[in-house]
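Please examine the sequence and the structure below before reading the notes.

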Amino acid sequence: MELDKLPFNICFIGGGYISFEFAHVAARAGSKVTILHHGKKALKNFDADLVGMLLKKTREINIEVKLQTMVEKVELIDKDKNFLVYSSVIDDNGNSHKSSVIEADMVVHGGGRVPDVEDLKLESAGVEYDKKDGIKVNEYLQSISNPAIYAAGDVADTEGMPLTPVAGYEGGIVADNLLEGNHLKPNYQGIPSVVFTVPPLASVGLQEETAEKLGLRFRKNYQDTSSWYSSRRINESCSGFKVLIEENSNRILGAHLLGPHAEEVINIFALAIRLGLDTHTLRKGILAYPTSSYNVNYML
Ligand SMILES: Cc1cc2nc3c(=O)[nH]c(=O)nc-3n(C[C@H](O)[C@H](O)[C@H](O)COP(=O)(O)OP(=O)(O)OC[C@H]3O[C@@H](n4cnc5c(N)ncnc54)[C@H](O)[C@@H]3O)c2cc1C
């Protein structure tokens, strides 16, 4: 971000939302971009079918995405800050072979974040924590080992995703519990997350595989919407949705959107999931036309 000019070759390590977002910006600005991801599936917290569509689009804008590719080493080769990135291919059994090397002017760590607890000397206050997940808290976000300590946001080991709205929400709960004693517990239902690529990919609620594993009975509305007016109008060839609706109750279990304004439209589904609205109640809304939100009518 502080560079005077865009590097020609950029290598992103890790195929999560941060790598994809920056990769889309850099590729469109003219860089040659590679994403190396160790897993079989990039963007693992998002719907696999929509991720497949976004991956196709990502490759169409000349971003090379290498899956099942484990980075072994990054080497600085000269003072002009040119790097060699060594990686190997991981097969389905987890064995690595076929090493390869790529050159890069910039290497970006997008391989995941950990809570910033190393310098806090938490041991001296008897605060139990995990280097990867953060401070261990009870249902009131209070440390399980030192009742004088509370934690919220990325640093707290909770079910909540490491996202800005979750940090704000947990912060409010901590403030209330500190002032009035433990009485509020977080509810993580219906919190949306977005990959800000072009087009954006958004998700809220259950993934299809999770709903299946839970044995829920649901119907799935899944469609490629690239021929819809909202996509064709702006020449967007990559868009689709998948909405999971529980049989009998008709409540929304999960909604997954890819395409123009997905980052806004997902908020309608987030509200529906959080408030437990069924499709009949949702349909009562009369939405502005022509907007991307109007398409919700066709997704139910
Ligand atoms: C590149 C990137 C993109 C992201 N995009 C999104 C997005 O699109 N949407 C979204 O919802 N989330 C996004 N996130 C995640 C989001 O930024 C975090 O979940 C959120 O900032 C967590 O808030 P927090 O208050 O827990 O921690 P932070 O925002 O990290 O705040 C913690 C603060 O504490 C300070 N601090 C640390 N140690 C000490 C110390 N010892 N003493 C005093 N101060 C200290 C830090 O400097 C920092 O200012 C993104 C994160 C990154 C890195």
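A residue counts as buried when its relative accessible area is under 20%, and as exposed when that area is over 50%. The structure is a predicted model. Its protein chain is divided into domain 1 (9-109), domain 2 (118-180) and domain 3 (193-299).

**The chain as a whole**

- The secondary structure of the protein chain consists of eight helices and 15 strands.
- Along the principal axes, the C-alpha atoms of the protein chain occupy a box of roughly 60 × 60 × 45 Å.
- Of the 300 residues in the protein chain, 42% are buried.
- The protein chain has an accessible surface of about 16600 Å², and carbon and sulfur atoms account for 53% of this surface.
- When contacts in the protein chain between residues at least 6 apart in sequence are considered, 52% of them join residues at least 24 apart.

**Domain 1 and domain 3**

- A distance of 28 Å separates the C-alpha centres of domain 1 and domain 3.
- Domain 1 supplies 16 residues to the contact between these two domains, and domain 3 supplies 24 residues.

**The surroundings of the ligand**

- The ligand is surrounded by 14 residues, and the closest are Tyr 17, Asp 154, Pro 162, Leu 163 and Thr 164.
- By type, the residues of this shell comprise nine nonpolar, two polar and three charged.
- Domain 1 (9-109) and domain 2 (118-180) each provide at least three residues of the shell around the ligand.

- The side chain of Tyr 17 has an N or O atom that lies 3.1 Å from a nitrogen atom of the ligand.
- In the side chain of Asp 154, an N or O atom lies 2.8 Å from an oxygen atom of the ligand.
- At Pro 162 the backbone is involved: one of its polar backbone atoms is 3.1 Å from an oxygen atom of the ligand.
- The ligand taken alone exposes 1000 Å², and the protein buries 44% of that area.
- Two elements give two or more residues to the shell around the ligand, namely helix 1 (17-29) and helix 3 (164-180).

**Val 166**

- Val 166 belongs to helix 3.
- Is Val 166 buried or exposed? Val 166 has a relative accessible area of 2%, and therefore it is classed as buried.
- Not counting residues up to four places away in sequence, Val 166 touches Gly 160, Met 161, Tyr 188 and Ile 191.
- Val 166 and Lys 131 are 35 residues apart along the chain, and their C-alpha atoms are separated by 20 Å.

**Glu 208**

- Glu 208 is located in helix 4, which covers residues 208-213.
- Why does Glu 208 count as buried? The relative accessibility of Glu 208 is 11%, and the limit for a buried residue is under 20%.

Definitions and conventions
Residues are numbered from 1 along each chain as its sequence is written. This is a predicted model: local features need pLDDT of at least 70, side-chain atom pairs count only at pLDDT 80 or more; totals for chains, interfaces and linings use all residues. Side-chain values use heavy atoms; hydrogens and water are left out. A residue is near a molecule or strand if one of its heavy atoms lies within 4 Å of it. A polar contact is a pair of N or O atoms within 3.5 Å; within protein, one must be able to donate a hydrogen and the other to accept it, and residues adjacent in sequence count only if both atoms are side-chain atoms. Accessible areas come from the Shrake-Rupley method with a 1.4 Å probe; for residues, only the protein chains shown count as cover. Helices (H or I, at least four residues) and strands (E, at least two) are DSSP runs, numbered from the N terminus. Ala, Val, Leu, Ile, Met, Phe, Trp, Tyr, Cys and Pro count as nonpolar, Asp, Glu, Lys and Arg as charged, and the others, Gly among them, as polar. Domain bounds come from an automatic or database domain assignment. Buried means under 20% relative accessible area, exposed over 50%, partly exposed in between (1.4 Å probe, protein chains only). Contact means heavy atoms within 4.5 Å.
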